[in-house]
Amino acid sequence: PPATSPIRVIDKDSPAFVNVVDTPVHDLLRQVVQERNIGDLSGSGDESAFFACDLSAIYQAVQMWRQSAIGERVEIFYAVKCNPSPPVLHLLSLLGTSFDCASTAEINQVLSLPTAPSPDRIIFANPCKPASFIRSAADSGVHMMTFDNADELYKVKRSFPDAKLVLRILTDDSKSLCRLGLKFGAPLDTCPGLLALAVQLGLNVIGVSFHVGSGCKDPNQFADAIWRAKKVFDMGKAVGYDFKFLDVGGGFERETFAEMSQVVSDSLDVYFPKHSGVRVIAEPGRLLVSSAFTLATNIIARRLALPSGEATPKDDHEGADVMYYINDGVYGSFNCIMFDHQIVHPHPLTISHEITKCSPSFPPPPNIHLPVDLPVQLGYKDTEAASVWGPTCDSIDCVRQLVQLPKGLQVGDWIAWSEMGAYTLCAASTFNGFNRSPVLWTTGGDHPHAIAVRATLDSFNGPER
Ligand code: PLP
């Protein structure tokens, strides 16, 4: 098929098509920006923001996992919540990953992928589910599900007594950006009681899960969590279970992945050696999708700094010489600033309506850690302090309070933001009538990973191909 042939990705019953091109992502961004031709502000151009997704970055992340210290032992159950875009799920399913779902809608979405994964490739990893979701999982044949409290056991007993239950335990998440332990996970001293109740109800508990928190900064949290899981395996044995399942959750990040996977591997060797016959899975989200998505936004308005004395002294953006207003914000894709505690990094694609040099370092290759002030790091010498705002009427809609940007940016110029694949589109609202930014898809060009993506997509012979 031609390189830009559409792939069928939405759903096996009502096929829809998405076009995937083979253009390097930095070329794609600049190509689209050039085509939109809004520099002259004639009113005819299309300034709407858009994402470019480089599917080869997802392929590369899966390869990195599989070639790592845990690659042979730990199966990937991708956390759908992180980015449920149909082409992402389609590619991951073709690559043979399984899925972590948190709701009936996510389960239905995975089961209706064109690749039609079997229900045993799903774990329903939400410890506190509505009863109707448990019934629906039973109807769909999704057996594996987590719990961390007694009420959930009674619900499962009533709605799905044959479920394969996984006890989600509380672990130390104090070094993580998003502390999931505030909401989920049974403290160790409650586990014997929960397991005794499960026995009494005749339920099938197969093992233990945990989540060290999203954006985990300390690989040793995994070592501690795996040690705790072993204790709970022993508690299970004491009441008659023989657990054979361990779910080490998500929380993996690219920067620390080599160290983290080594820590997980070493701890598994100590507490759950291969000969124990324990199946180990993980639920990575961010690690697989974060670097694949770059968002291109347009400067829709600009205000020069208020005369001195007029800025409110308490404002953190007081030092800005110029305020830029762009067409996506914290109510949209940049909700990651609020919900996911992210700091986002701007990179101008045009300055004074001229395309910036196609820097090979933008978007940065997946193994590069982003500098704090990207434009300065990329060599823009003539910079000024700016604040960057989203498009809504709300003053909380601030994307960067203070950041160095090259001088000369004008209304109509484009700013790109990399590392925008995790917890962005999926939680974006249309508050104030601003649309969610659409995604353009590319295999990433003609480098080996991109060619592998194209081959993977083409290997799927749906009836429409
Ligand atoms: N598993 C569960 C149960 C989660 O709640 C989350 C994120 O919130 C994940 C996996 C994915 O975490 P991450 O994106 O940090 O890998």
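# A walk around a predicted model

Visitor: Which residues is L167 in contact with, leaving aside its neighbours within four places in sequence?
Guide: Two residues count as in contact if their C-beta atoms, placed from the backbone, lie within 7 Å. With the sequence neighbours within four places set aside, the partners of L167 are F147, D148, A186, C191, L194, V205, V208 and V232.

Visitor: What kind of model is this, and where does the residue numbering start?
Guide: The numbering runs along each chain as its sequence is written, starting from 1. Local features need pLDDT of at least 70, side-chain atom pairs count only at pLDDT 80 or more, and totals for chains, interfaces and linings use all residues, as this is a predicted model.

Visitor: How many residues does the largest nonpolar core have?
Guide: A nonpolar core is a set of buried Ala, Val, Leu, Ile, Met, Phe, Trp, Tyr and Cys residues joined through C-beta atoms within 7 Å. Buried means 20 or more other C-beta atoms within 10 Å of a residue's own, exposed means 12 or fewer, and partly exposed is in between, with C-beta atoms placed from the backbone. Those with the most contacts inside the largest core are I58, F124, L165, L167 and A296, and its size is 126 residues.

Visitor: From which domains does this core draw at least three residues each?
Guide: Domain bounds here come from an automatic or database domain assignment. The core takes at least three residues from each of domain 1 (6–53 + 292–447) and domain 2 (56–289).

Visitor: How many residues does each domain give to the contact, and which elements give two or more on the domain 1 side?
Guide: The assignment gives domain 1 (6–53 + 292–447) and domain 2 (56–289). Their contact takes 23 residues from domain 1 and 24 residues from domain 2. Helices (H or I, at least four residues) and strands (E, at least two) are DSSP runs, numbered from the N terminus. On the side of domain 1 that touches domain 2, the elements with two or more residues are β1 (6–8) and β22.

Visitor: How many nonpolar, polar and charged residues are on that side of domain 1?
Guide: Ala, Val, Leu, Ile, Met, Phe, Trp, Tyr, Cys and Pro count as nonpolar, Asp, Glu, Lys and Arg as charged, and the others, Gly among them, as polar. By those classes, the side of domain 1 that touches domain 2 has 13 nonpolar, five polar and five charged residues.

Visitor: Which residues come nearest to the ligand?
Guide: A residue is near a molecule or strand if its C-beta atom, placed from the backbone, lies within 6 Å of it. By class, the shell has eight nonpolar, six polar and three charged residues. Of the 17 residues around the ligand, the nearest are A79, S214, G250, G285 and R286.

Visitor: What does UniProt place at K81, and which residues does K81 touch beyond four places in sequence?
Guide: UniProt positions follow the numbering used here, feature names are shortened, and annotations may be inferred rather than shown by experiment. The unreviewed entry places "modified residue: N6-(pyridoxal phosphate)lysine" at K81. K81 sits in the loop between β4 (74–79) and α3 (86–94). Not counting residues up to four places away, K81 touches A102, E106, G285 and C426.

Visitor: Why does K81 count as buried?
Guide: Take the number of C-beta atoms around K81 as the test. K81 is buried because the count of other C-beta atoms within 10 Å is 20.

Visitor: Is Y423 buried or exposed?
Guide: Phi of Y423 is near 55°, a positive value in a residue other than glycine. Most residues other than glycine have a negative phi. Y423 is in the loop between β21 (414–417) and β22 (439–442). With 25 other C-beta atoms within 10 Å, Y423 is buried.

Visitor: What is the phi of S352, and where does S352 lie?
Guide: S352 is partly exposed, with 13 other C-beta atoms within 10 Å. S352 is not a glycine, yet its phi is positive, about 50°. Its place is the loop between β17 (350–351) and β18 (354–355).

Visitor: How far apart in space are V399 and D328, C-alpha to C-alpha?
Guide: V399 is in strand β20 (residues 398–406), and it counts as buried, with 24 C-beta neighbours inside 10 Å. V399 and D328 are 71 residues apart in sequence, while their C-alpha atoms are separated by 9.0 Å.
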